[in-house]
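Trainee: I'm new to this one. Could you take me through a single part of it up close, and give me some background on the whole chain along the way?

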Amino acid sequence: MAGHEFTSARSPRIKGARRLAKRAFRQRERRFLAEGPQAVREALAAPGGVHELFTTAEAAQRHAELVDAAHARGAPVHRVSLEVMAELAQTVTPQGLLAVCDFVDVGLADVGEVRLAAVLSHVRDPGNAGTVVRTADAAGADVVIFTDASVDPYNGKCVRASAGSLFHLPVVVGVPVAEAIAHLRAAGARVFAADGGGDRDLHAVADSGGLDGPVGWVFGNEAWGLPEETVALTDGAVSVPIYGSAESLNLATAAAVCLYTTARQQRAGVPAAGTARGA
């Protein structure tokens, strides 16, 4: 790493990275920020991956293998002061590493065979959206589709909540929900709407074999769920059973239950390829 250290947030290079905190600049440049060693590690392991890396002197020593990996990939590594890192980072306590990454999304037509998919329709909370990406990755999903009315998956909070999973599985961005559902159904998947008011019970659907084949799940807005016209495009609304006194589950939790229940059903009776990792 070069001896020069950026100590001013007014530097053109620092300003260029800082503006990626805004969606308009991210879309124009098709680049985004990935903050922290976990996100940087996964970005470096992904095709395309890291465009450039910013690090404090302390973080460069603590995570020397990541700095070396960036150098090996030909990505410029810039040392910055703690003050500049605080300007670049989008967290209260920066971890000293921040990468500028190229967009990783793919087109809907480029998605291969789908056995398990998650569709985010009008999901606006970036923390929820990122958590669904992470859960879908853990459940072995083949794709996560962000419809045109949902949050930007490259939002800093969404990237952090995905904990690196954004770099692991195909992500489709900006398609209408009707197009996403039609694509999954044309690929042979049954598509269900996750809805707290659904007239079909998740466990009953699972017990009847409804989740054994390819399945797509549509998850709606945190506050008002899915509109009737969207549910009408699916194979029906399915609710997660509530056995206690809770009024409902939040979006990310309901998505985890739906995705893992489906993954379990799809794997029932299929010899395991390996040992599952613990949480």
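Mentor: Let's start with the whole protein and then zoom in on the annotated region near the start of the numbering.

This is a predicted model, so local features need pLDDT of at least 70, side-chain atom pairs count only at pLDDT 80 or more, and totals for chains, interfaces and linings use all residues. Residues are numbered from 1 along each chain as its sequence is written, and side-chain values use heavy atoms, with hydrogens and water left out.

The protein has 12 helices and 12 strands; those are DSSP runs numbered from the N terminus, H or I of at least four residues for helices and E of at least two for strands. Its C-alpha trace spans about 65 × 40 × 40 Å along the principal axes. Of the 279 residues, 49% are buried, where buried means under 20% relative accessible area, exposed over 50%, and partly exposed in between (1.4 Å probe, protein chains only). Among contacts with a separation of 6 or more, 82% join residues 24 or more positions apart; a contact means heavy atoms within 4.5 Å.

Now the part itself. UniProt, in an unreviewed entry, lists residues 33-107 as "domain: RNA 2-O ribose methyltransferase substrate binding". UniProt positions are given here in the numbering used for this model, feature names are shortened, and annotations may be inferred rather than shown by experiment. Over residues 33-107 the chain is 41% helix and 25% strand, with the end C-alpha atoms 21 Å apart.

Look at helix H3, residues 37-45: Pro 37, Ala 39, Val 40, Glu 42, Ala 43 and Leu 44 are buried there. What do the buried residues of H3 pack against? Their partners are strand S2 (31-35), strand S3 (50-55), helix H5 (64-72) and strand S5 (97-102).

Further along sits Ser 81, in the loop between strand S4 (77-80) and helix H6 (82-88). Ser 81 counts as buried because its relative accessibility is 8%. Leaving aside residues up to four places away in sequence, Ser 81 touches Glu 5, Phe 6, Thr 7 and Thr 56.

One more stop is Arg 30, in the loop between helix H2 (23-29) and S2. Its phi is near 50°, a positive value in a residue other than glycine. Most residues other than glycine have a negative phi. Arg 30 has 40% relative accessibility, so it counts as partly exposed.
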